[in-house]
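Morning, everyone. Let me put the model up, and then we'll go through a few elements.

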Amino acid sequence: LQQRFHVVPYTVPTTHVIQFNPRSKPLRNNELRRALAFAVDRPKVLSETVLRDPRVLSDPDQARGRVVTAPFPERSYAYSQQLAPRQHDAILALSLAAVAARRLGGTSVPPLKMICSSDPIVRASAEHLVRAWKRVGIEVQLADSAAVDAAKDWDLVYRTLQMTEPVVELWPFLTMQPVARVADLMYLPDWLRQELIDLDRAENFQAAVTVLHRLHRHIQEQVLMLPLWEVDEVMIIPRNIRGFPLAPLSPYQGLERWTIQSRIPTDSLPNPKSQ
């Protein structure tokens, strides 16, 4: 493969995260959100379903992916290294789901709907999560949607993203809007609205990083979302292409500077011995 193609790693890994709909009444319950988090054995899903690489469990430093606690990369300035991922605990998840059911006024948690893309790896991961949640008494139905913003009757959404600048990208990510607007914060918790405003008003970069670390800690504590893992991906480019970046942020970055060298198949060249 390397004789015919360049294998170029992307600068920013792809992060997989389950985001909760702030308008979902069941997911306003803290016990339910925590039950969803504790029910999933994320290292196992990452190892067996996403990467198919046992090193995730035996030697995480050598694997092409890792479990994370935020929607931005582990190497990002916004990532607080002091926060450890929640460990899988099915018994605790089962107990939390039972408490959530009682507080929601029933004997079981109402069925939830999760939107995810048709990408094979994303779909397989989502199906694994659904089975894990079902084992602790939480029914989640998968639904396809090309436009998440147009869906109104969903509770969770499986998202993949590459967040390069959390200072400016976190607000639109949390509100699921293309730009940061105060009007879009109305459905978020009060503490989160205030911290996003503090981030927007930060006087300098260091102050912004301090707010981001605090946000990261509060998002983890309140289970505002369920970060799953990040995956180191690569771009495959034929060897006759030149001028591409050695550490791209996205496919076809700087495409206007790429050049293509013509290739002549060796089997079409004349054989000197036959002349």
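Is the crossing of α7 and α8 left-handed or right-handed? The crossing is left-handed; that is, the near helix is turned anticlockwise from the far one by less than a right angle. A word on the source: this is a predicted model, with local features needing pLDDT of at least 70, side-chain atom pairs counting only at pLDDT 80 or more, and totals for chains, interfaces and linings using all residues. Residues are numbered from 1 along each chain as its sequence is written, and side-chain values use heavy atoms, with hydrogens and water left out.

Back to the helix pair. α7 and α8 pack at about 160 degrees, axes 9 Å apart. Axes are lines fitted to C-alpha atoms over the stretch in contact, and angles run from 0 to 180 degrees between N-to-C directions. The two helices are therefore roughly antiparallel, the term for angles over 145 degrees. Helices here are DSSP runs of H or I, at least four residues; strands are runs of E, at least two; both are numbered from the N terminus.

Next, α6, residues 166–175. Seven of its 10 residues are buried, so the helix is largely enclosed by the rest of the structure. Buried means under 20% relative accessible area, with a 1.4 Å probe and protein chains only. Among the buried ones are Trp171 and Phe173. Just after α6, Met176 takes a positive phi of about 55 degrees.

Last, strand β8, residues 234–238. Met235 and Ile237 point to one face and are buried. Val7 stands opposite Ile236.

Conventions. Buried means under 20% relative accessible area, exposed over 50%, partly exposed in between (1.4 Å probe, protein chains only). Two strands pair if DSSP finds at least two bridges between them. Angles under 35 degrees count as roughly parallel, over 145 as roughly antiparallel, 65 to 115 as roughly perpendicular and the rest as oblique.
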